[in-house]
Amino acid sequence: MQPVDSHLFLIVGAALFSIGLAVVLLKRHAIVVLMGIELMLNGVNVNLVAFSQYDPDRLQGQMLALFVMVVAAAESAVALAIVLQVYRHFRTAQLDELNELKQ
């Protein structure tokens, strides 16, 4: 079995990050924006694991990716709770319609 080149992992990570960034910039629904942020974090994790093969210990990139996953899970839980409370108060999750704090 031949090892996979690291540049393929970097391309996949960059693609995931780019798709997530496009979702965050173009979509207006709060939950879809959260999904875009998670996609960006997963792209970063793929790049961390790809770069970790150049580390002589070969464990620091994976540990940092695991830490990012834990932080992302906590971030998702808090963000979904905030979106739920915003929906209960304003009856919408569209980010463009939430303008009460601007006034």
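The model is predicted: local features need a pLDDT of at least 70 and side-chain atom pairs count only at pLDDT 80 or more, while totals for chains, interfaces and linings use all residues. Residues are numbered from 1 along each chain as its sequence is written, and side-chain values use heavy atoms, with hydrogens and water left out. The chain holds three helices and zero strands.

**Confidence**

- The pLDDT (the predictor's confidence in each residue, from 0 to 100) averages 89 over the chain, and 95% of the residues score at least 70.
- Where pLDDT is low, the predicted coordinates should not be read in detail.

**Overall fold**

- Along the sequence the pattern is α-α-α; helices (H or I, at least four residues) and strands (E, at least two) are DSSP runs, numbered from the N terminus.
- The radius of gyration of the chain is 17 Å, whereas a compact globule of 103 residues would have a value near 13 Å.
- That radius is taken over C-alpha atoms, and the globule rule is 2.2 Å times the number of residues to the power 0.38.
- Along the principal axes, the C-alpha atoms fill a box of roughly 55 × 25 × 25 Å.
- Of the contacts in the chain (heavy atoms within 4.5 Å) with a separation of 6 or more, 58% are between residues 24 or more positions apart.

**Surface and charge**

- Buried residues make up 22% of the 103 residues; buried means under 20% relative accessible area, exposed means over 50%, and partly exposed lies in between (1.4 Å probe, protein chains only).
- The accessible surface comes to about 7500 Å², and carbon and sulfur atoms account for 69% of this surface.
- Accessible areas come from the Shrake-Rupley method with a 1.4 Å probe, and for residues only the protein chains shown count as cover.

- Leu-41 is in helix H2 (residues 30-51) and counts as partly exposed because its relative accessibility is 27%.
- Leaving aside neighbours within four places in sequence, Leu-41 is in contact with Val-68, Ala-72 and Glu-75.
- Leu-41 and Val-68 are 27 residues apart in sequence, and their C-alpha atoms are 7.5 Å apart.
- Asn-45 is also in helix H2, but its relative accessibility is 8%, so Asn-45 counts as buried.
- Not counting residues up to four places away in sequence, Asn-45 touches Ala-65, Val-68 and Met-69.
- Glu-75 is in helix H3 and counts as partly exposed because its relative accessibility is 25%.
- With residues up to four places away in sequence left out, Glu-75 touches Leu-34, Ile-37, Glu-38 and Leu-41.
- Glu-75 and Leu-34 are 41 residues apart along the chain, with 9.5 Å between their C-alpha atoms.

**A glycine in helix H1**

- Gly-20 is in helix H1 and counts as buried because its relative accessibility is 0%.
- Apart from neighbours within four places in sequence, Gly-20 is in contact with Gly-36, Leu-39 and Met-40.
- Gly-20 and Ala-77 are 57 residues apart along the chain, and their C-alpha atoms are separated by 18 Å.

- Tyr-87 lies in helix H3, and at 40% relative accessibility Tyr-87 counts as partly exposed.
- Neighbours within four places in sequence aside, Tyr-87 is in contact with Thr-92 and Ala-93.
- Tyr-87 and Ala-30 are 57 residues apart in sequence and 9.8 Å apart in space, C-alpha to C-alpha.
- Arg-91 is in the segment after H3 and counts as exposed because its relative accessibility is 61%.
- Arg-91 is not a glycine, yet it has a positive phi of about 60°.
- Most residues other than glycine have a negative phi.
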